[in-house]
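I opened this entry to keep track of what I looked up in the structure, going from the sheet to single residues. The sequence and the structure come before my notes.

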Amino acid sequence: MRGESAAPRLWVQASLNARPFFEGRGCRVVKAQQVERRGVLLPNFVMEKLRDSI
C-alpha cells in the first residue's frame with residue numbers, strides 16, 4: 001500500500017524568499033526563527049505540510 005510508511009508531516013526550514021513558494025504549495029509556518037551564518041542573523045521559517053494534503 002502506497003504511503004503507509006511515510007511520515008505524517010513534511011518539514012522544511014525556508015528562507016524569507018522561499019516562504020511564499022512553500023506556502024503556495026500548502027505548507028504552513030510553524031514558527032519564525034533566526035539563524036546565524038558567518039555572524040549575520042537571517043530570518044528563517046520552520047514550515048510543515050500534512051501528509052493528507054500532499
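I took two strands as paired if DSSP finds at least two bridges between them, and I took helices (H or I, at least four residues) and strands (E, at least two) as DSSP runs numbered from the N terminus. What I have is a predicted model, in which local features need pLDDT of at least 70 and side-chain atom pairs count only at pLDDT 80 or more, while totals for chains, interfaces and linings use all residues. Residues are numbered from 1 along each chain as its sequence is written, and side-chain values use heavy atoms, with hydrogens and water left out.

**Overall layout**

I looked up the secondary structure of the protein chain and found 1 helix and 3 strands, running β-α-β-β from the N terminus on. The strands form an open sheet in the order E1-E3-E2, with antiparallel pairing. Strand E1 (9–15) and E2 stand at the edges with a single partner strand each, so one side of each has no neighbour in the sheet. On average, neighbouring strands of this sheet are turned by 25° against each other, direction ignored; for this angle, axes are lines fitted to C-alpha atoms, for helices over the stretch in contact, and angles run from 0 to 180 degrees between N-to-C directions. I then went to E2 and E3, which pair in the antiparallel sense over 9 bridges, and noted that Arg 28 stands opposite Glu 48 in E3.

For burial I used relative accessible area: buried is under 20%, exposed is over 50%, and partly exposed is in between (1.4 Å probe, protein chains only). Of the 54 residues in the protein chain, 19% are buried. For contacts (heavy atoms within 4.5 Å) in the protein chain with a separation of 6 or more, I noted that residues 24 or more positions apart account for 51%.

**Around Cys 27 and Lys 49**

Cys 27 has its place in the loop between helix H1 (19–23) and strand E2 (28–37), and it is buried, with a relative accessible area of 14%. Leaving out residues up to four places away in sequence, I found that Cys 27 touches Phe 22, Met 47, Glu 48 and Lys 49. The C-alpha atoms of Cys 27 and Glu 48 are separated by 5.3 Å, although these residues are 21 residues apart along the chain.

A polar atom of the side chain of Lys 49 lies 2.7 Å from the backbone oxygen of Arg 25.

**Rings**

I counted rings of Phe, Tyr and Trp (its six-membered ring) as a pair if their centres lie within 6.5 Å, with planes under 30 degrees apart as stacked, over 60 as edge-to-face and the rest as tilted. This rule gives 1 aromatic pair. Phe 21 and Phe 22 form it edge-to-face, at 5.1 Å centre to centre and 85° between the planes. Phe 21 is partly exposed at 44% relative accessible area, and Phe 22 is partly exposed at 23%.

**Arg 38**

In the loop between E2 and E3 I came to Arg 38, where phi is near 50°, a positive value in a residue other than glycine. Most residues other than glycine have a negative phi. Arg 38 is exposed, with a relative accessible area of 88%.

Conventions
Polar contact = N/O pair within 3.5 Å; in protein donor to acceptor, adjacent residues only side chain to side chain.
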